[in-house]
Amino acid sequence: YQKFIEAIQKVKAEGIEPEEGYLERLERLKATAVVKLLSAYLAEDLSPIENKVQRFAEKEILPQARKWDEEGARKEAEQIMLPEGFRGVLKQLADLSIFGIGIPKEYGGVGLAHYYAYRIISILSYYCPALAVTLAVNAAVQDAIGEFGTEEQKNILKRLTKDELGAICITESDAGSNPMEMKTFARKEGD
């Protein structure tokens, strides 16, 4: 996969017109690398963590999930009010290091690939989709900060493993908050 990335960067940087079939070969290389990478992830045994999360979900989440869905979150004055018990379960998940699965150890996380965070989130989604979405958004924020953030911004990751959640704000006049309907463009101006 790294060879694919390097080759594409070289083609773009040098303005090279690739020989016929070159890009197709790169695509095959990329596909092969992705399959090998996914196979490695899927083969890794996370059953101790997954079993712990499943037991926790059955004991702590499942009995409250329906009530959480019925109550929902609401805003009172300037404060977001979560359903009773929801914040406590978030704290327990943070204490179990679930918030920090995909965060490097140097920033207070577990240090696994972000893929594993989403495996755990998929388990939680069975018990409480609202809770799973909360953790998925947090993981997406962690991914973005970890990949593109400055060192100063990466220090925020320490807080996102313990007692704070990341959030995103998305809206567009033609799409509202549906990211699948959003459109963007790039225009080069100046240097």
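Me: Where does threonine 161 lie?
Reply: This is a predicted model, where local features need pLDDT of at least 70, side-chain atom pairs count only at pLDDT 80 or more, and totals for chains, interfaces and linings use all residues. Residues are numbered from 1 along each chain as its sequence is written, and side-chain values use heavy atoms, with hydrogens and water left out. Helices (H or I, at least four residues) and strands (E, at least two) are DSSP runs, numbered from the N terminus. Threonine 161 lies in the segment after α8 (156–160).

Me: Is threonine 161 buried or exposed?
Reply: Buried means under 20% relative accessible area, exposed over 50%, partly exposed in between (1.4 Å probe, protein chains only). Threonine 161 has 2% relative accessibility, so the residue counts as buried.

Me: Which residues does threonine 161 touch, not counting those up to four places away in sequence?
Reply: Contact means heavy atoms within 4.5 Å. With that sequence exclusion, the list for threonine 161 is Ala94, Phe99, Gly100, Ile103, Tyr107, Gly108 and Gly109.

Me: How do α3 and helix α5 run relative to each other?
Reply: Axes are lines fitted to C-alpha atoms, for helices over the stretch in contact, and angles run from 0 to 180 degrees between N-to-C directions. α3 and α5 (residues 114–127) pack with axes 9 Å apart, at an angle of about 30°. Angles under 35 degrees count as roughly parallel, over 145 as roughly antiparallel, 65 to 115 as roughly perpendicular and the rest as oblique. Therefore α3 and α5 are roughly parallel.

Me: Which residues of α5 meet α3?
Reply: The α3 side includes Ile49, Val53, Ala57, Ile61 and Ala65. Their partners in α5 are Arg119, Ile120, Ile123, Leu124 and Tyr127.

Me: How many aromatic pairs does a search of the whole structure find?
Reply: Rings of Phe, Tyr and Trp (its six-membered ring) pair if their centres lie within 6.5 Å; planes under 30 degrees apart count as stacked, over 60 as edge-to-face and the rest as tilted. Tryptophan 68 and phenylalanine 86 form an edge-to-face pair, 5.0 Å centre to centre with 80° between the planes. Their separation is 18 residues, with tryptophan 68 in helix α3 (residues 47–71) and phenylalanine 86 in helix α4 (residues 86–95). The search total is two.

Me: Which tyrosine is buried, with a relative accessible area of 8%?
Reply: Tyrosine 126 and tyrosine 127 form an edge-to-face pair, 5.0 Å centre to centre, with 85° between the planes. Tyrosine 126 counts as exposed at 68% relative accessibility. The buried residue, at 8%, is tyrosine 127.
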